[in-house]
Amino acid sequence: MRNWADFDPARHPFVWDADEGAQLRALVREWVPPVLSGMAGWWEAEHWCERQIDAVVRDRYGNWAQGWNWCYRYGGPIGSWVTGPSSVTTPDETATRVVNALLEWRRWLEAMARRFTELAPPPNASPEQRSWHLERASVRLVTMALDSGAEGGWYGQAAASIGWFLTSMGMDSAEADRAVERAIGGRFESWVDPGRAVIESVGEDLAVDLTGHAPYRDHREREELENFHDRG
């Protein structure tokens with residue numbers, strides 16, 4: 001999950017209607033075992049079922065759909081699906097959870113695409129202006145991850161979001177990974193809100209690293225754009 005081009009809704013059309021929903025439900029139901037393993041069987045059947053469903057989803061929609069089961073308990077944005085042991089039950093219930101989770105994932109990707117467009121520096125931005133946009137984008141995306149309901153591993157969502165934002169502007173995915181790792185520098189932890197000062201420090205470090213310029217602050221002519229980025 002490194003390159004935004006692999007997930008960008010603009011590059012991966014998704015047609016959904018009642019017929020498509022019915023077809024996906026039918027495919028999922030085929031893979032739900034009639035007898036589940038439960039705790040006594042270490043949930044072997046449930047884990048197996050989730051793997052088969054994941055293969056069905058990826059085969060039908062493409063690799064952009066691979067985050068359909070990235071649950072909030074493990075740092076993701078998905079609430080409709082948890083894990084095989086928790087979410088695989090009856091064929092009908094399981095199928096409904098898969099459909100809801102896939103649609104939830106798609107809506108989240110579409111929301112990210114809109115946010116990336118809003119946060120991107122203009123093409124003619126100076127290095128100082130670009131630095132400001134990068135710092136603000138980092139802060140907003142980390143805050144979005146914190147506010148998403150993600151629990152343990154929330155920083156994985158934050159790092160992925162920043163990396164995707166950088167690759168959405170044309171940066172190589174490996175270079176983006178390194179830039180994000182340098183900026184975060186081990187300052188984010190599971191189950192811990194790092195606080196505004198740390199979040200802004202990460203954003204500034206990212207901006208300076210990529211542009212060589214510190215982001216300017218408190219410029220009155222930027223007030224309208226500040227307010228735009230700071231909205232709810």
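A residue is buried here if its relative accessible area is under 20%, exposed if over 50%, and partly exposed in between, with a 1.4 Å probe and protein chains only. By that rule, 43% of the 232 residues of the chain are buried. The model is a predicted one, in which local features need pLDDT of at least 70 and side-chain atom pairs count only at pLDDT 80 or more, while totals for chains, interfaces and linings use all residues. Residues are numbered from 1 along each chain as its sequence is written, and side-chain values use heavy atoms, with hydrogens and water left out.

Start with the overall layout. The chain has 9 helices and 0 strands. Helices (H or I, at least four residues) and strands (E, at least two) are DSSP runs, numbered from the N terminus. The order of elements from the N terminus is α-α-α-α-α-α-α-α-α. The C-alpha trace spans about 65 × 35 × 30 Å along its principal axes. Contact means heavy atoms within 4.5 Å. Among contacts between residues at least 6 apart in sequence, 69% join residues at least 24 apart.

Now go inside. A nonpolar core is a set of buried Ala, Val, Leu, Ile, Met, Phe, Trp, Tyr and Cys residues joined through side-chain atoms within 4.5 Å. The largest such core holds 55 residues, of which Trp64, Leu102, Trp105 and Leu166 touch the most other members. At least two residues each come from helix 1 (18-30), helix 2, helix 4, helix 5 (127-147), helix 6 (154-168), helix 7 (173-184) and helix 8 (196-211). Helix 4 gives the most, with 12 residues. In soluble globular proteins, nonpolar side chains tend to be buried together.

Trp64 deserves a look of its own. Leaving aside neighbours within four places in sequence, Trp64 is in contact with Asp6, Phe7, His12, Phe14, Leu102, Trp105, Arg106 and Leu109. Leu102 and Trp105 are also among the core residues that touch the most other members.

Next, follow helix 4 to helix 2. Helix 2 (residues 44-61) and helix 4 (residues 91-119) pack at about 45°, and their axes are 12 Å apart. Axes are lines fitted to C-alpha atoms, for helices over the stretch in contact, and angles run from 0 to 180 degrees between N-to-C directions. Angles under 35 degrees count as roughly parallel, over 145 as roughly antiparallel, 65 to 115 as roughly perpendicular and the rest as oblique. Helix 2 and helix 4 are therefore oblique. Their crossing is right-handed. A crossing has that hand if the near helix is turned clockwise from the far one by less than a right angle, and is left-handed if anticlockwise. Ile53, Val57 and Tyr61 of helix 2 meet Thr94, Val98 and Leu102 of helix 4. By class, these residues are 5 nonpolar, 1 polar and no charged. Ala, Val, Leu, Ile, Met, Phe, Trp, Tyr, Cys and Pro count as nonpolar, Asp, Glu, Lys and Arg as charged, and the others, Gly among them, as polar.

Helix 6 and helix 7 form another packed pair. Their axes come within 9 Å and cross at roughly 135°. That makes helix 6 oblique to helix 7. The crossing of helix 6 and helix 7 is right-handed. Helix 6 contributes Ala159, Ile162, Gly163, Leu166 and Thr167, and helix 7 contributes Ser173, Ala176, Ala179, Val180 and Ile184. The contact has 7 nonpolar, 3 polar and no charged residues.

Take Thr167 from this pair. Thr167 lies in helix 6 and is buried, with a relative accessible area of 9%. Not counting residues up to four places away in sequence, Thr167 touches Arg2, Asn3, Trp4, Asp172, Ser173 and Ala176.

Turn to helix 3 (residues 84-87), where Pro85 is found. Pro85 is partly exposed, at 25% relative accessible area. Beyond residues up to four places away in sequence, Pro85 touches Trp43, Glu46 and His47.

Trp43 is in the loop between helix 1 and helix 2 and is partly exposed, at 26%. Its phi is near 55°, a positive value in a residue other than glycine. Most residues other than glycine have a negative phi. Trp191 also has a positive phi, of about 65°. Trp191 is in the loop between helix 7 and helix 8. With 64% relative accessibility, Trp191 counts as exposed.
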